[in-house]
Amino acid sequence: MKLSGTAMEYLKEASLPSSFAPDKYQTELNNIIKDFRKVEKPDVGILGIPFDTTSIWSARKGSAGAPAEVRRMFQFLGSYEPQINVDISRGIDIVDFGDIDVLHTNVMETYRRAEIVASEIFQSGMSLAVIGGDHGNTYATVKALCKETKGKVGLINVDAHPDVRESHHGEISSGTQFRKLLTDIENPVRFENFVEIGMRGWENNLANQKFLDDNKIRYITAMEFKERGAKDVIREMLEIVLDGTEAAYLSFDIDGLDICYAPGTAAPTPGGLSSGDYLQIAYEFGKQKISRAMDIMEISPPFDSNNITSIMGAYLIAQFLGSIKKRKSGQ
Ligand SMILES: [Mn+2]
């Protein structure tokens, strides 16, 4: 596929590691993902945003390194998942767009670049998996989808935190993006099409809670998730995001996972969802006809332990790819 000269100017090439154990019966994920310029009409693409300038948890920054580290973990993945019986080695065209050429000293210019590239990708009709970066980057990519659909976007945030703070000194950060997407852009997401899942923990504050309550935003705490179970919560989640919308977007802050599944993040939080819960959410979401994008934010490799958090990122990408294959093949 072709992107405009402007979009090409804002992209940097990213590399995938080569295969480690050739086996004629095993197709590795890295050998399935193609350069976007070489596939005419891809089904789904991967885009990195290596940018963590707006991280409000500055003591544990490092998510700018996540796109490279998550891609590095692709080398451990093949093409088939027995639980969902999906093989992505054929019947689906997957491409890598590389990374946004970010400017670490200029937040709004970086978001502008990400928005331009994401807009062109969405205009082509394909789906997109984004690897951040701090969670502030979600502002740019959701904004692109809102523009494309005049705000008819269903939005899910799986996160320990609601990220609906008021802007810090008027500026956006990794704690303000959802409030801005709901109240402060040209074609905002409607409150009734937004749901937050996994909220918990002592990093939170009452002012944000009041914003959710005042605007009747549906949030499902980690405790409620565990009491009801994944299946029931996912059913409600889909009802909210598919109601009168044209596109749906799933945003994962990796800290929605329990601290034991995601130590490598800015705000590791006890009492959270399991890795299986995350995979189930990604899969059930991706199977929906109007699911257009998923992002994985806040993986911070410098604070990771044995690559646990980065492997989880790679798994979520693979799961999303698998769900799109399933949708495509009508299985
Ligand atoms: Mn969070």
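User: Which hand does the crossing of helix 10 and helix 11 have, and what makes it so?

Analyst: Helix 10 passes helix 11 in a right-handed crossing. A crossing gets that name if the near helix is turned clockwise from the far one by less than a right angle. Keep in mind that this is a predicted model.

User: Why is helix 10 called roughly parallel to helix 11?

Analyst: Their packing angle is about 30 degrees, with the axes 8 Å apart. Angles under 35 degrees count as roughly parallel, so helix 10 gets that label relative to helix 11. By class, their contact has 10 nonpolar, four polar and two charged residues.

User: What makes helix 4 oblique to helix 5?

Analyst: Here the angle is about 45 degrees, again with the axes 8 Å apart. Roughly parallel needs under 35 degrees and roughly perpendicular takes 65 to 115, so helix 4 ends up oblique to helix 5. Helix 4 also makes a right-handed crossing with helix 5, and the contact between them has nine nonpolar, three polar and four charged residues.

User: How do you know which residues are donors to the manganese ion?

Analyst: Donors are N, O and S atoms within 2.8 Å of the metal. Asp159, His161, Asp253 and Asp255 coordinate the manganese ion at 2.2 to 2.7 Å, so they qualify under that cut-off.

User: Why say that Asp159 and Asp255 tie parts together?

Analyst: Asp159 sits in the loop between strand 8 and helix 6, while Asp255 is in the loop between strand 11 and helix 10, so the pair links parts 96 residues apart in sequence. Both Asp159 and Asp255 are buried.

Notes
Residues numbered from 1 in each chain as written. Predicted model: local features only at pLDDT ≥ 70, side-chain atom pairs only at ≥ 80, totals over all residues. Heavy atoms only, no water. Donors = N, O, S within 2.8 Å, 3.2 Å for Na, K, Ca; no water. Helix = DSSP H or I, 4+ residues; strand = E, 2+ residues; numbered from the N terminus. Buried < 20%, exposed > 50% of the residue type's maximum accessible area, 1.4 Å probe, protein only. Axes fitted to C-alpha atoms, helices over the stretch in contact; angles between N-to-C directions. Parallel < 35°, antiparallel > 145°, perpendicular 65-115°, else oblique. Nonpolar A, V, L, I, M, F, W, Y, C, P; charged D, E, K, R; others polar.
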